[in-house]
Structures are given as structure tokens and as C-alpha cells.
Amino acid sequence: MGKVLITARSVAANREGLAILEAAGHEIVTHVGDRPWRESEMLGAVVGMDAAIVGLDSITAAVLSAGAPTLRIVARNGVGYNAVDVAAAARLGIAVTLAPGANTVSVAELVFGLMLSVARRIPAQDIDVRNGLWKRALGCELFGKTLAIIGTGAIGSEVIKRARAFGMSILANDLVQNPDLIEQHGVRYVDRATAFAEADYLTLHLPVTPETRHMVDAATLATMKGTAIIVNTARGDLIDEADLHDALASGRIAGYGADTFSAEPPHPDNPLLKLPNVVATPHAGAYTAESVSRCSVMAAEEVVRVLSGRPVLHPAPVPA
Ligand SMILES: NC(=O)c1ccc[n+]([C@@H]2O[C@H](COP(=O)([O-])OP(=O)(O)OC[C@H]3O[C@@H](n4cnc5c(N)ncnc54)[C@H](O)[C@@H]3O)[C@@H](O)[C@H]2O)c1
């Protein structure tokens, strides 16, 4: 049967996904590391493969061409596809699939982990207590605060449901309004400028496009409250990190919780990582046992479908 390359470390370690591929008679070739592979590291790996299950690796036009003509599907074990040249894949007749819904709850829960970590300074206080320092940091509550959510798709919607339980009032901005969120969860859709200006907490849940890249920059930060806390579990490039650093360092913005960075992993000298009001996680939003399992199964099922001549269930949108 087919040769299936797996570069997504969590998929390579997940028995349920592997079992689906093995049951269909496919040969599994793993090529995993402790960070996403660069183009140069993918070029050789894809040659002769019929399918690839990938994480955040660089799946460029050159990588896809190297995989052609045998390569028939690139299955992402998540929903982000900015590292995959979907247009090039379409030209080469290679399907690109996503795993929508598989990791939404996990990411939404991490949003609250980051909000509380920044607002209550949990990581810094933990280190202090371990070092024998019994000194409280004054925090702030979520209750009664305004949460602005940019992007009310799968993850943003789950964040909204949980924010209600914290007693937050919710502003949202999206290209498309979701009437259920308005009716059932009291969400008020506003323009982006209002969302930024009124936010006590701002959380991003949208893709990077030419229009959204650096949507948080010196100009938009200047319109925000000085007490505001920003959380980014979406993509690092939504934020101009240099501008955000300046705002955080000068106290113009109160805090930042980041699961994503412009460059991943961030350079150890990234000045954001030197600030006390920043809490960072290593793009771990989707990395829970439950989410890994769902993503692995969905990716494996897409591969089996394509290699047996059936249409995919969840294709990545092809740019016009
Ligand atoms: N940290 C992680 O591990 C992790 C895991 C999964 C997804 N993500 C990221 O989270 C983000 C959201 O994922 P999702 O599954 O909720 O996606 P989704 O497609 O369900 O929702 C995205 C929403 O953004 C909206 N949007 C697009 N362009 C917009 C714009 N210019 N202005 C306002 N809204 C706009 C869309 O209309 C949509 O409602 C993505 O960037 C994804 O890459 C991160």
C-alpha cells in the first residue's frame, strides 16, 4: 500500500492514529524532531512518499514538488495552514487537509490559563515561593471585566462560552457575525477599533492574512487601556512583537500571554522573554492528550481516504 511520512511528533507517538494507518496496510515512515522542520529538512524526507502527516513544518512549493508525483495528500494535524503552500499543492494535485474542531477546547482552555497566569502572576509567584520568598503579587480579577475577542470561529466561540462563567462581558469582532453567540451568550459585535479601545483583556483567534498581520502594533496599542492584558494563542505574526515589547516595557500595556511567536521557537534573546509581565508557552495550545488523539485520528483517516481513492472530508481552503 502507501508510504506515509509522519513529521508531527505527537501523531508519531499516538497509537490510535498509527493503528488506523496500519490497519489499512500503509507503511509508516517517521521523521520527527523537537521543532518544526525547515524547507531544506523536508525536501529529502518527502521523496517517494504517498502521504505526509505534518505539524508546523515548512511545506513549501519546493517541498511539494519534491514529493510529486507520488505525494497525494498532506494532512495537517491541526487547523493552521500558513506553513503549507496550499496553492502550490492544488496545482500539483496534492490534497491538503485540516483537523477542524479537534483542538478547539484545548486552545480555549489555555487562553484562560494564560489570562489567569498574567493577571495573577502565577508563574513568577511559583518561582518566588520555591526560592523561599513569601511575597504576594497584587493581581486583578477576570470578573466584571470586558473581554474582546477578535475572531469568533471555533476557538473564539469556545472562549466566549467559558468567559461567561467568569462573569466577563464580551465584545467581539469578526468578518461574519455568529447570531448564536449574540443570542445565547450576550456577545456584542463591534468594530475592531472599539474592541481594542474597550478591552480589559484582548484575545486573538483569527488567521494571519495580509490584512491581519501586525494588527496589534504601536498604533493599535496606543488606543488600548494601560491596564489591558493581551493573549495570543493564534499566530505570532498577528502582533508586531517589537511594538508590543515597547508597550509592555514602558507600562503602556499591563501584560501579555503568548502561546505563539513570530519565529518559533523564539530566539533566546527575544526581548519579550525578558519582561516580567509576559507569560509564554511553547505553542502548546493544542497539546493535550485529548486533542492529540482527535487530531491524529482525523489526519490518519484523511490519509486512508485519499490513498483509497475517496474524497477528503476537511480540505484547507485554496487561495483564489
Ligand atoms: N496555539 C495553538 O496551538 C493553536 C491551535 C489551533 C489553532 N490555532 C490558531 O488559532 C486561530 C483560530 O483558529 P480557529 O480554529 O478558531 O479558526 P476558525 O477558522 O474557526 O476561526 C477564525 C475566525 O477568524 C475570523 N476572521 C478571519 N479574518 C478576520 C479578520 N480580518 N477580522 C476578523 N475576523 C477574521 C473568521 O471569520 C473566523 O470566524 C488560527 O490562527 C489558528 O492557526 C492555534
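**Ground rules.** The model is predicted, and I therefore kept in mind that local features need pLDDT of at least 70 and side-chain atom pairs count only at pLDDT 80 or more, while totals for chains, interfaces and linings use all residues. Residues are numbered from 1 along each chain as its sequence is written, and side-chain values use heavy atoms, with hydrogens and water left out.

**Ligand site.** I looked up the residues around the ligand and found 25 of them, the closest being Ala154, Ile155, Asp174, Glu211 and Thr233; a residue is near a molecule if one of its heavy atoms lies within 4 Å of it. By class, this shell divides into nine nonpolar, 11 polar and five charged residues, where Ala, Val, Leu, Ile, Met, Phe, Trp, Tyr, Cys and Pro count as nonpolar, Asp, Glu, Lys and Arg as charged, and the others, Gly among them, as polar.

A polar side-chain atom of Glu211 is 2.8 Å from a ligand nitrogen atom, whereas Gly153 places a backbone N or O atom 3.4 Å from a ligand oxygen atom, and a polar backbone atom of Ala286 is 3.3 Å from an oxygen atom of the ligand. The ligand taken alone exposes 860 Å², of which the protein buries 83%; these accessible areas come from the Shrake-Rupley method with a 1.4 Å probe.

**Helix pairs.** Helices here are DSSP runs (H or I, at least four residues), as strands are (E, at least two), numbered from the N terminus. I noted that helix 2 (residues 15–23) packs against helix 13 (residues 289–307) at about 15°, with the axes 7 Å apart; axes are lines fitted to C-alpha atoms over the stretch in contact, and angles run from 0 to 180 degrees between N-to-C directions. Helix 2 and helix 13 are therefore roughly parallel, the term for angles under 35 degrees, with over 145 roughly antiparallel, 65 to 115 roughly perpendicular and the rest oblique.

For helix 6 (residues 104–119) and helix 8 (residues 154–165) I recorded an angle of about 50° and axes 8 Å apart, and this pair is therefore oblique.

**Backbone details.** I found a cis peptide bond between Ala68 and Pro69, with omega about 5°, and Pro69 lies in the loop between helix 4 (61–67) and strand 4 (73–76). A cis peptide bond also joins Glu264 and Pro265, with omega about -5°; Pro265 is in the loop between strand 11 (255–258) and strand 12 (278–280).

Notes: A polar contact is a pair of N or O atoms within 3.5 Å; within protein, one must be able to donate a hydrogen and the other to accept it, and residues adjacent in sequence count only if both atoms are side-chain atoms.
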